[in-house]
Amino acid sequence: MTLDLTGRVAVVTGASRGIGYFIAKELAAAGAHVIAVARTVGGLEELDDEIKAAGGQATLVPLDLADMAGIDRLGGAIHERWGKLDILVANAGVLGVISPIGHVEAKTFEKVMTINVTSTWRLIRSVDPLLRLSDAGRAILLSSNAAHSARAFWAPYAASKAAVETMMRSWAHETQNLPLRVNAADPGATRTAMRAQAVPGEDPATLPHPSEIARRIVPLASPDLKETGLIFQAKHNRFVAYRQPE
C-alpha cells in the first residue's frame, strides 16, 4: 500500500546526509512537508533541490543541535506556522570514538551525550505539545543495536543510544492512551560515513545503502501505525519488544 502523508508536517534531524537525508526525501515523496534540520547548509540545499525537483516541499533549518535554545525556538516556529507537528524523526547523532572507556576524553564523551541524548530530550520537550495536537502524531527515534550489545570499546555511543531508547519507552508509556505513537528504529549496519568511521576496514559495498534503510523506516510515520514503545529493526523489517533482565 502506498504511504500517503499529504498535508502532514515532519521534522527530520541530521537531514543533510546519510539515513536522515533519505528519510526526508521519502517523507516528502509521500506528501509530507519536511522541516529538514542539520548543521551542513550545503547538504540541506542539495536535499531541498531534490525534494522540489520531485514535486515535494521542504523548509530548511540550519541548526547545530548543541544549541539548546535553538531547539526551543524550532518548536515555537513550528507552532506559529503550522500549529501542530505530525512526524518527528530524531535521526542526528555522533559516534564519538571507538576506544577503551578509560581512554575516552571528557570532551568527546560530553559531545556524544550532548548531541545524542540531551538534544534528543530537548527536541522531545520542544515538540511533544505539537505532536499531541496532531490527529496521529508519530515519533521515530534512531537507535542502534549497540544499545544492547554493549560491545567493547563502544561505551559512549552505546550508552547514549541506551538512554535514547529508555526515553522513548517512557514517553511511549506516557502517551499510550493518546493518538501519538512513539518508537525507536535500529537501522543496522548501513553504508554511511559514521559506519565507515566506526569500522574503517569494512567493505561498504557489503552494506545496504541508506536509501534502502530509509524506505523501511518511513512507514513508521503512517497514521495507520498501531505499535508504540517498540524497536523497529530495519535489517529484519520487524518490530521487537523489550524484556526485563533475567
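Q: Which are the buried residues of H3?
A: The general idea is a cut-off: buried means under 20% relative accessible area, exposed over 50% and partly exposed in between, with a 1.4 Å probe and protein chains only. Helices (H or I, at least four residues) and strands (E, at least two) are DSSP runs numbered from the N terminus. In H3 the buried residues are Met 68, Gly 70, Ile 71, Leu 74, Gly 75 and Ile 78. Viewed down the axis of H3, these buried residues fall within an arc of 160°, so they line one face of the helix; the arc is that of the directions from the helix axis to the C-beta atoms. This is a predicted model: local features need pLDDT of at least 70, side-chain atom pairs count only at pLDDT 80 or more, and totals for chains, interfaces and linings use all residues. Residues are numbered from 1 along each chain as its sequence is written, and side-chain values use heavy atoms, with hydrogens and water left out.

Q: What covers the buried residues of H3, and which exposed residues does the face turned away from its buried side carry?
A: Contact means heavy atoms within 4.5 Å. The cover includes strands E1 (9-13), E2 (33-38) and E3 (57-62), and helix H4 (106-132). On the face turned away are the exposed residues Arg 73 and Glu 80.

Q: How many residues has H3, and what does it reach from its first C-alpha to its last?
A: The expected span of a helix is 1.5 Å times one less than its number of residues. H3 (residues 68-81) has 14 residues and reaches 20 Å, close to the 20 Å expected at 1.5 Å a residue. Following H3 is Gly 83, with a positive phi near 80°.

Q: At what angle do the axes of H1 and H8 cross?
A: Two packed helices are described by the angle between their axes and the distance between the axes. Axes are lines fitted to C-alpha atoms, for helices over the stretch in contact, and angles run from 0 to 180 degrees between N-to-C directions. The axes of H1 (residues 18-29) and H8 (residues 210-217) cross at roughly 55° and come within 8 Å. H1 and H8 are therefore oblique to each other; angles under 35 degrees count as roughly parallel, over 145 as roughly antiparallel, 65 to 115 as roughly perpendicular and the rest as oblique. The contact involves Gly 18, Ile 19, Phe 22, Ile 23 and Glu 26 of H1, and Pro 210, Ser 211, Ile 213, Ala 214, Arg 215 and Ile 217 of H8.

Q: Are H1 and H2 roughly parallel or roughly antiparallel to each other?
A: The axes of H1 and H2 (residues 41-53) come within 10 Å and cross at roughly 25°. H1 and H2 are therefore roughly parallel. Tyr 21, Ala 24, Lys 25 and Ala 28 of H1 make the contact with Gly 43, Glu 46, Leu 47, Glu 50 and Ile 51 of H2.

Q: What is the phi of Ala 150, and what is that of Asn 237?
A: Most residues other than glycine have a negative phi. Ala 150 has a positive phi of about 50° although it is not a glycine. Ala 150 sits in the loop between H5 (146-149) and H6 (155-174) and is exposed, at 57% relative accessible area. For Asn 237, phi is also positive, near 55°. Asn 237 belongs to the loop between E7 (231-233) and E8 (238-240) and is partly exposed, at 49%.
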